Amino acid sequence: MAENIIDTKAGPIASLQSGHWFKLICGASYQSLPDVRNLTLAYVIAGADCIDMAADLAVINSAKDGLAAAEKLLRCSPDWQARQYRRPLLLVSVSAGEDPHFRKAWFDSARCPADCPRPCEQVCPAAAIDFTGVVRDRCYGCGRCLPICPLGLIEAQQIPTTVSALASDVLSQVDALEIHTHVGGEVAFSQVWELLMPFISHLKVISISCPDAEGFTDYLKKLQHIMGFSDISKAPDVEKPVVVWQTDGRPMSGDIGKGTTHAAVQLAKKVLTSDLPGHVQLAGGTNEYTVLKLRKLGLLSASNEVVVGSRTVSGIAYGSFARRLLMPVIEQTYYLEEVPQALQKAVTLADSLIRP
């Protein structure tokens, strides 16, 4: 059994403040309930600080089921008692305007020629394409299949966020919220923020996810003003939630290769070298090379001390790479804990991301 390398006495906010925050991204439009459950189970045992998922009650309940299974194992099983249970934050994602994270691919499989080599099926990182078309719950909107179809039959369908329903039904079930936006989208962001405001007083973290574009840091400052947080790197005992800037370098690409992490790191540097205060968390292109790159540039905290507003990265979020890393193991069963060897392998793989 690998030793538990996480300081289990510290909570997720302390991890964020000290620069050791790890977030698992299940996917803003990913709704495969067995996979969400087992991903949560394995990464929570490994020490994840936050589980990011679709704003869907069924998905949230599946994550909570995985959370409960992890807690039971860590508290009661002799095989896992060397690790102490630490509850992560549960986070849901919403969009302020159109965003590639909130879409799914679609095509009519009846139109596919019988002799098609099916490059779409080969390129799909989520195994979400079969002879029936797109398996909707597994598709998370990466878009890699869209340009590769020889006949151009595949299209992207946006999944609109019903903010009013989300606010009343979903936010009470979670600890954190992420709003996806883009430069120039302050009107849509303001509208979403106004609708959400009455429902977020209990939240511990508000995350803002934004990809790069001209005027990136100026746009984040506008969002800071809209949210009304004068000091967004607040300590965890204040009334307002801590705000995290998620620098989405190259969205949904971490499983492609080494080069994708460069965009995530470069975008994080934009915030770190600006006068914009707050916590910076990488996403979009993160993989096994990300920590190595950050260490080489001196952008990771060297200790566990809480340093509010430090000019180092506060955390890393792993999405497509984290899922694909475990998928061959976790898809063997709905209840991963019932297959001890598979669970051990899944946690070992999760450790390989969290340990650094």
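Guide: Partly exposed means a relative accessible area between the two limits, buried being under 20% and exposed over 50%. The model discussed here is predicted.

Visitor: Is N38 buried or exposed?
Guide: N38 is found in helix 2. The relative accessibility of N38 is 0%, and the limit for buried is under 20%, so N38 counts as buried.

Visitor: Which backbone oxygen does the side chain of N38 reach?
Guide: Leaving aside neighbours within four places in sequence, N38 is in contact with I330, T333, Y334, Y335 and L336. At 3.3 Å, the side chain of N38 reaches the backbone oxygen of Y334.

Visitor: How is helix 2 oriented to helix 11?
Guide: Two packed helices are described by the angle between their axes and the distance between the axes. For helix 2 (residues 33-46) and helix 11 (residues 340-354), the axes come within 8 Å and cross at roughly 60°. Roughly parallel requires an angle under 35 degrees and roughly perpendicular 65 to 115, so helix 2 is to helix 11 oblique.

Visitor: How many charged residues has the contact of helix 2 with helix 11?
Guide: The crossing of helix 2 and helix 11 is right-handed. Helix 2 contributes L41, A42, Y43, I45 and A46, and helix 11 contributes L343, A346, V347, A350, D351, L353 and I354. By class, the contact of helix 2 with helix 11 has 11 nonpolar residues, no polar ones and, as charged residues, 1.

Visitor: At roughly what angle do the axes of helix 2 and helix 3 cross?
Guide: Helix 2 passes helix 3 (residues 57-76) in a right-handed crossing. The axes of helix 2 and helix 3 come within 8 Å, and they cross at roughly 35°.

Visitor: How many nonpolar residues are in the contact of helix 2 with helix 3?
Guide: On the helix 2 side, the residues are L33, V36, R37, T40, L41, V44 and I45. Those they meet in helix 3 include A58, V59, S62, D65, G66 and L74. In the contact of helix 2 with helix 3, 3 residues are polar and 2 charged, while the nonpolar ones number 13.

Definitions and conventions
Residues are numbered from 1 along each chain as its sequence is written. This is a predicted model: local features need pLDDT of at least 70, side-chain atom pairs count only at pLDDT 80 or more; totals for chains, interfaces and linings use all residues. Side-chain values use heavy atoms; hydrogens and water are left out. Axes are lines fitted to C-alpha atoms, for helices over the stretch in contact, and angles run from 0 to 180 degrees between N-to-C directions. Helices (H or I, at least four residues) and strands (E, at least two) are DSSP runs, numbered from the N terminus. Angles under 35 degrees count as roughly parallel, over 145 as roughly antiparallel, 65 to 115 as roughly perpendicular and the rest as oblique. A crossing is left-handed if the near helix is turned anticlockwise from the far one by less than a right angle, and right-handed if clockwise. Contact means heavy atoms within 4.5 Å. Ala, Val, Leu, Ile, Met, Phe, Trp, Tyr, Cys and Pro count as nonpolar, Asp, Glu, Lys and Arg as charged, and the others, Gly among them, as polar. Buried means under 20% relative accessible area, exposed over 50%, partly exposed in between (1.4 Å probe, protein chains only). A polar contact is a pair of N or O atoms within 3.5 Å; within protein, one must be able to donate a hydrogen and the other to accept it, and residues adjacent in sequence count only if both atoms are side-chain atoms.
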